[in-house]
Amino acid sequence: MKAFFDWADQRTGYKKLVHETLYENVPGGARWRYVWGSTLAFCFSIQVITGLALWVAYSAGSQTAWESVYYIQHEMWGGWFLRGLHHYTAQAMTVLLVFHLMQVVIDGAYKAPREINFWSGVVLLLLVLALSLTGYLLPWDQKGFWATKVATSIAAITPFIGPELQKLVVGGSDYGHHTLTRFFALHAGVIPGVIIAFIVAHIYLFRRHGLTPKEPRRRPDAAFWPDQVLRDAVACLAVLLVVVFFIIRYRGAELGAPADASEQFSAARPEWYFLFLFQLLKYFPGGTEIWGAIVIPALLMGVLIAMPFVGKWKLGHRFNLGFLWAMLAGVGLLTYLARTEDAASPEFILAVHSAERDAARVIVLAQSPDGIPTAGAVTLLRNDALTQGPKLFAKNCASCHRYDGHDGLGSQPKDKISASDLKGFASREWIAGLLDPARVDSLHYFGGAKQKTGKMVKFVKEDIAEFDAAQKAQLQKLIIGLSAEAGLKAQSAADTRDAVVIAEGRKLVSSTAMNCTDCHKFHAAGTEDPSAPDLTGYGSREWLLAFISDPSHARFYGERNDRMPAYGPDKILTAAEIGLVTDWLRGEWYEPKADPLPNLIPPPRRASSN
Amino acid sequence: MASHDCPHCPPPTPPDDRRSFLAKAAAIIIGGALAITAPVAGLFVFLDPLRRKSDSGGAVLVASLNALPENGEPRKFSVLATRVDAWNRSPNVPIGAVYLQRVGDKVRALNVVCPHAGCFVDYRSAKNHFFCPCHNSSFALDGQVQDPKSPSPRGLDDLVVEIRNGTEVWVKFQNFRAGTHDKIPV
Ligand code: FES
């Protein structure tokens, strides 16, 4: 064996290299404060390895980026852990870079002859931030999409070359395939390549000039191996443990709903360590943006780069230290302000909730038997009744109606309720309430509408109020029979169970005893000239589609219609949109049957981690 | 290996100045040509987006007049048109969104994109104004900047609207450059 190593050493000289690496002199002996560089090298190697592994499964394109990341996260073995490792190590790197910078400045390690090494470190800092910025877009989710849009819009105000620069970065004038291919090329190819070159230079220069010892030296000089190596290893382990803690705690990295330029996203925020820049922009009124976005950050960078020169001056080191602390305090303060401002904004909190809801929902849809169509996952939410129904309701119906007391999305509309609350429309409970003398003219039903003074309310308040026990029992059956017309998914078990009662109930609706058919039509029964909506198929999909489309149709309210517009003929909603509201009101949307098989898939994600 | 390591090799001859100059020049020229071929080939493709124009075509039917509240409250609509994304052409997909509102018997259309840095502006009915959830720009109903401290350099971008056949609201949809005082189409 020895013969082989000697043979190899004669041809490569590796022994000398290993010796130099391990027996590098550490002036004053091993210390914890020297570990930062090693932790960064460790993190970078994790990023390269996890990045390559992600690359194996990632596909840059507007219909494939989110989809492939979804697949990594939710379908591939341990994909969520891999993404989590990449995501949280990136964050750890940013924190460690700041620690490393602090240590270098505090120890005066930027001074001659180490200027060039210091600058290469500053460049590395910027390159790592660029990695983070480009990586944020790659999952092509709403958050990354909108936050990156802010960043590329800012690129456009760069003097002289702004608009061209923006086009080159975005790969055209709009976000699309080429934005992703470009960001991916930068993120996975160009920037890491440059970083590797700079790391080599950085370590070479570091070895050339040696460590900057922290005075006073407490112990005699020692070799790098084993004491400093042990300390470095322990520090790397600590970093890894923190990262793993976050991965487990938050079930890997977040994946929002697929990017959609036409879908409002008010929860757009950059990664937490860019929040200070984001906050800074708020303080520059129209036209002065360039100061916050470019000039001030550039000046701060300028001072950082000038540190080696400033350090030569008698008070220079003090100044540098003061500057560093002031800059960190400023960044901290701005981050804190951004955070507290968001936490105090009900709109922002609502936006985050709806973002989380969409994110969770799209996963459910992607895992449905239909899967993700080739047009991309963005179409899943666009065609989903549970997602679109409430939005359409809030926009088109909630100025009069309510859904469980709100506008469908959880807010209170400006106008007072003036038509029925449609939560559970046509269900047994809902009809029971309508036929309850105490409730029929409440705001929940007809209290706010023209029908308040109509025949139905009168009938309920006068006739039904007088019902004896036997009639009340019949009324119960009638309700069950009528509600079965709707064929609601939520009632299907009860409807199957109560088939006999339903048959009786239907007869009661048609019977003259109950008086329904005096005004309504019900299948074959009822007047020739009904003055109230046809109850045949009441609340069924077909009935509700036709009703929303045109409530003034003779089949429904005819001329007695109150204010409700004819959404179909008046082209207020498309047929597809009416379908979505109808399905949502009827509780008809895709739900997974049972829990998917237990595997390495993490449970649905939690509240945002940052 | 450097020549002094080789005991049998003749010592290097001092270069002849003229020949050496030619050799250097030739080496530099050939080396230069070798070095630039690949980068130049790459540069063309890299710069290609500069000649791409946004396909802001003609007017698109966005909504029916009936869908707009009489009281002039803005409503948000997706703009459906043919979207060209590099090699893909997708007809009838959302390419953006607008706020439409009645102004007398006319209709005003505002692009939802904030002219500051591109966020999606929110209509807040409680305050009856537009508000950008990113850096807090606020805009009046007509799109003008409301709070002078707003970071947006201009008001919301209004778009050309045409009413056809009595009730059809057609909008000439366009995006504009963010961060500039003037409205420059992209
Ligand atoms: S993007 Fe609207 S205020 Fe900045």
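Predicted model: local features only at pLDDT ≥ 70, side-chain atom pairs only at ≥ 80, totals over all residues.

Start with helix H7 of chain A, residues 142-155. How many of its 14 residues are buried? The count is 13, so H7(A) is largely enclosed by the rest of the structure. At 1.5 Å a residue, H7(A) should span 20 Å, and its end C-alpha atoms are 20 Å apart, which agrees.

Now helix H14 of chain A, residues 346-366. H14(A) has 21 residues and reaches 30 Å from first C-alpha to last. That is close to the 30 Å expected at 1.5 Å a residue. Its buried residues include A:Phe348, A:Ala351, A:Ala355, A:Val362 and A:Leu365. A reminder on spacing: an α-helix has 3.6 residues a turn, so residues three or four places apart point the same way. What do the buried residues of H14(A) pack against? They meet four helices of chain A: H4 (65-74), H13 (316-343), H15 (378-382) and H16 (385-396).

On to the nonpolar cores. The largest has 67 residues. Which of them touch the most other members? They are A:Tyr538, A:Leu585 and B:Leu100. Helix H24 of chain A, residues 575-585, supplies the largest share of this core, five residues. There is also a second, separate core of 55 residues. Among its members are A:Leu138, A:Trp146, A:Ala338 and B:Phe139.

Look again at B:Leu100. Setting aside neighbours within four places in sequence, B:Leu100 contacts residues including B:Val62, B:Leu68, B:Phe77, B:Val107 and B:Val171. Its partners also include B:Glu73, B:Arg75 and B:Arg108.

Next, cysteines. How many disulfides turn up over all chains? A search of the whole structure finds one. The disulfide joins B:Cys119 to B:Cys134, with the sulfurs 2.0 Å apart. The torsion about that S-S bond is about -80°, so the disulfide is left-handed. B:Cys119 sits in the loop between strands E4 (106-111) and E5 (122-124) of chain B. B:Cys134 sits in the loop between strands E6 (129-131) and E7 (138-139) of chain B. The pair therefore ties together parts that are 15 residues apart in sequence. Both ends count as buried: B:Cys119 at 3% relative accessibility, B:Cys134 at 2%.

A:Cys43 itself is buried, at 0% relative accessibility. At 19% relative accessibility, A:Cys519 still counts as buried, because the cut-off is under 20%.

Last, the contact between the chains. Chain B gives 51 residues and chain A gives 45. The area buried between them is about 3,900 Å², and carbon and sulfur atoms give 53% of that. On the chain B side, B:Pro49, B:Phe120 and B:His135 lose the most area to chain A. Together those three make up 14% of what that side buries.

How many salt bridges are counted between chain B and chain A? The count is two. One salt bridge pairs B:Arg124 with A:Glu347, whose closest N and O atoms are 3.7 Å apart.

Conventions. Residues numbered from 1 in each chain as written. Chains lettered and ligands numbered in written order. Heavy atoms only, no water. Core = buried A, V, L, I, M, F, W, Y, C linked by side-chain atoms within 4.5 Å. Buried < 20%, exposed > 50% of the residue type's maximum accessible area, 1.4 Å probe, protein only. Helix = DSSP H or I, 4+ residues; strand = E, 2+ residues; numbered from the N terminus. Contact = heavy atoms within 4.5 Å. Expected span 1.5 Å × (residues − 1). Disulfide = S-S within 2.5 Å. Buried area = accessible area lost by both parts, 1.4 Å probe. Salt bridge = Lys/Arg side-chain N within 4 Å of Asp/Glu carboxyl O.
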